[in-house]
Amino acid sequence: MIALLLRDLRLAIRAGGGFGLALAFFLIVVTLVPFGVGPDEAVLSVIAAGILWVGALLACLLSLDRIFALDWEDGSLDLLATAPVPLEGVVAV
Amino acid sequence: MELVVSDLTVARGGVPVLSGVSFRMGAGEVALLRGPNGSGKTTLLRTLAGLQPALDGKVSLPPEEIAYAAHADGLKATLTVAENLSFWASVYGTGAIDGALERFRLSELARRPAQNLSAGQKRRLGLARLLVTGRKVWLLDEPTVSLDSASVGIFAAAARAHLDAGGLALIATHIDLGFEAREIDVTAFRATARQGGAFDEAFA
């Protein structure tokens with residue numbers, strides 16, 4: 001289990017794209033919204049928390065299709081399924 | 001250690017492909033699965049490995065005893081050879097990878113990312129995974145694809161050592177691996193067409 005987590009983290013750091021893209025997207029959303037809404041401090045303070053959450057959600061959406069697709073494509077999902085790790089654990093990681 | 005398959009029926013996409021598959025293998029035995037493309041060799045191996053349910057019949061060993069190697073090697077392109085292998089070694093809780101690297105002549109490539117390997121080298125790495133699983137029963141689906149004759153020799157030697165250590169191997173292959181082995185022809189178990197297919201009747 002821990003091995004799997006470490007592998008995924010290592011892949012995320014090394015693969016480029018996925019992880020960095022999600023982070024950059026999140027930052028862009030959070031920066032652009034105030035520009036769009038205008039410099040009204042009262043409005044901004046009300047929507048700030050909401051924007052953060054929505055931004056995080058959208059950023060997660062970017063990498064959603066990659067959760068299992070990559071493992072499926074290169075065959076490692078099959079091999080993980082036959083390995084002595086619980087599949088529920090694989091999903092959780 | 002014995003693998004007994006009795007009266008197994010396997011299906012692909014819900015359609016029975018093979019039925020009444022029965023054979024028995026003891027420790028140190030190897031059997032080659034033969035049959036033309038699409039005859040159900042992969043389906044049989046996947047069923048034995050527990051990746052899909054059997055329609056009927058029994059397999060004496062649980063999937064937990066079995067190491068399965070498919071067409072795809074399950075390598076991560078951005079990880080190095082050693083990292084790929086140590087990942088599987090830690091998943092299976094076996095630890096050391098040096099022996100496996102050595103046996104498949106990958107030691108010199110250990111620090112190279114898997115994406116820079118040739119097809120044959122990737123295959124050798126995929127097969128090296130079998131050694132770090134530490135499991136006795138190997139189910140191999142076309143293990144020699146993209147291997148040159150020297151690499152086939154390396155693989156055959158590794159398989160031989162595995163058998164001598166009391167393991168057993170069921171190998172789907174089209175080529176001669178250079179060792180005496182029993183052959184299991186899957187065409188003998190071809191499932192008969194379903195009776196009274198409602199689909200056909202609708203168009204009759």
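Mentor: Buried means under 20% relative accessible area, exposed over 50%, and partly exposed in between. Keep in mind that this is a predicted model.

Trainee: Is B:Glu29 buried or partly exposed?

Mentor: B:Glu29 forms a salt bridge with B:Arg182, with the closest N and O atoms 2.8 Å apart. The relative accessible area of B:Glu29 is 28%. Values between 20% and 50% fall in the middle class, so B:Glu29 is partly exposed.

Trainee: How many residues apart in sequence are the parts that A:Arg7 and A:Asp71 tie together?

Mentor: The closest N and O atoms of A:Arg7 and A:Asp71 are 3.1 Å apart, and the two form a salt bridge. A:Arg7 lies in helix H1 of chain A and A:Asp71 in helix H4 of chain A, so the parts tied together are separated in sequence by 64 residues.

Trainee: Which residue of chain B forms a salt bridge with A:Asp71?

Mentor: A:Asp71 is buried, at 9% relative accessibility. The pair crosses between chains, and its chain B member sits in the loop between strand S5 (66-69) and helix H2 (81-91). With the closest N and O atoms 2.6 Å apart, the partner is B:Lys76.

Trainee: Which helix supplies the largest share of the lining of the largest pocket?

Mentor: The largest pocket has about 910 Å³ of space and is lined by 31 residues. Of these, 20 are nonpolar, 4 polar and 7 charged. The largest share, 8 residues, comes from H1(A).

Notes:
Residues are numbered from 1 along each chain as its sequence is written. Chains are lettered from A and ligands numbered from 1 in the order in which they are written. This is a predicted model: local features need pLDDT of at least 70, side-chain atom pairs count only at pLDDT 80 or more; totals for chains, interfaces and linings use all residues. Side-chain values use heavy atoms; hydrogens and water are left out. On a 1 Å grid over the protein atoms alone, a cavity is a set of points where a 1.4 Å probe fits but cannot get out, and a pocket is an open set with protein on both sides within 12 Å along at least five of seven lines; lining residues have an atom within 4 Å of a point. Grid points are joined across faces, edges and corners, and a volume is the space filled by probe spheres set on the points. Helices (H or I, at least four residues) and strands (E, at least two) are DSSP runs, numbered from the N terminus. Ala, Val, Leu, Ile, Met, Phe, Trp, Tyr, Cys and Pro count as nonpolar, Asp, Glu, Lys and Arg as charged, and the others, Gly among them, as polar. A salt bridge is a side-chain nitrogen of Lys or Arg within 4 Å of a carboxyl oxygen of Asp or Glu. Buried means under 20% relative accessible area, exposed over 50%, partly exposed in between (1.4 Å probe, protein chains only).
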